[in-house]
Amino acid sequence: MDWSAVTAEDLVDALREVDWSTPPRPVPEFFSRFTVPRSYSKWTSRLKCNLYYYRTNYFILIMFILGLGFLWKPVAILAAFMTGFSIAFLNDSFAVTFNEKVTRTVRQFSPHLAAKMRPPITPVIRGRPSSKRSIHICGRPRWLFVLLFSAVSCMLWLTSCSLLTVLWALLIALLATVLHASFRTPNLKARLNTFREEFRAVWRNYSEL
């Protein structure tokens, strides 16, 4: 795949729609080989490829650095987890999986309440489902949970520590992510994984016809 032709918007859309339930890449592979990119185009291509391939590792790295920065402040650690959930809810697969697990757990205690938590039926247009699928969590639109968790995390950040400390911890986490993605040499697994994701996307679009 030619990552130099992939725009930032395409990368964000791919990260939003990709399945995040897969485990992170092994640590030896994550810190395997580092080289300096030869040109600006090589650097941007490598950056996009690594951000997509090691997405779960970078998410864990950011949350670890945020939690490490507030090790002696439990409220700040809880705020970091709430921030991570608000970001994770933006991903389609995570939101759907979270909704299914919560609904399955509630069904064991109250089937009637679990029935109310089902997402609304997708409208059918000319014999096929609508292409714009709306993600729901516990029967409510996803954006409601994103706003709720974001508001709670902001309140926890404000009550636990100064915003300057939060910004410094976040800046260090993002800088570590960009540096690793810039110098980590894409391996054969990353390229094969990219081709596999492309095939799945093409097959999914073909099956919907």
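This is a predicted model: local features need pLDDT of at least 70, side-chain atom pairs count only at pLDDT 80 or more; totals for chains, interfaces and linings use all residues.
Student: Why is the pair of Phe30 and Phe31 called edge-to-face?

Tutor: The structure holds 15 aromatic pairs, and in this one the ring centres lie 4.8 Å apart with the planes at 80°. Rings pair if their centres lie within 6.5 Å, and planes over 60 degrees apart count as edge-to-face, so the pair of Phe30 and Phe31 meets both conditions.

Student: What makes Phe30 buried or exposed?

Tutor: Its relative accessible area is 6%, and because buried means under 20%, Phe30 is called buried.

Student: Why are Phe85 and Phe98 called partly exposed?

Tutor: Phe85 has a relative accessibility of 30% and Phe98 one of 25%; buried means under 20% and exposed over 50%, so each of these values falls in between and counts as partly exposed.

Student: What makes the contact between Arg142 and Asp92 a salt bridge?

Tutor: The distance from N to O between these side chains is 2.7 Å, and because the criterion asks for a side-chain nitrogen of Lys or Arg within 4 Å of a carboxyl oxygen of Asp or Glu, the contact of Arg142 with Asp92 qualifies. A search of the whole structure finds 1 salt bridge. Arg142 lies in helix H8 (residues 142-160) and Asp92 in helix H6, so parts that are 50 residues apart in sequence are tied together by the pair.

Student: How do you know whether Arg142 and Asp92 are buried or exposed?

Tutor: The relative accessible area of Arg142 is 15%, and that of Asp92 is 12%; with buried set at under 20%, both residues are therefore called buried.

Student: Why is Arg25 said to lie over the face of Tyr53?

Tutor: Arg25 is 4.0 Å from the ring centre of Tyr53, and because the distance limit is within 6 Å, that part of the test is passed. The charged end of Arg55 likewise sits over the ring of Tyr52, at 4.9 Å from its centre.

Conventions
Residues are numbered from 1 along each chain as its sequence is written. Side-chain values use heavy atoms; hydrogens and water are left out. Rings of Phe, Tyr and Trp (its six-membered ring) pair if their centres lie within 6.5 Å; planes under 30 degrees apart count as stacked, over 60 as edge-to-face and the rest as tilted. Buried means under 20% relative accessible area, exposed over 50%, partly exposed in between (1.4 Å probe, protein chains only). A charge sits over a ring if NZ of Lys or CZ of Arg is within 6 Å of the ring centre and within 35 degrees of the ring normal. Helices (H or I, at least four residues) and strands (E, at least two) are DSSP runs, numbered from the N terminus.
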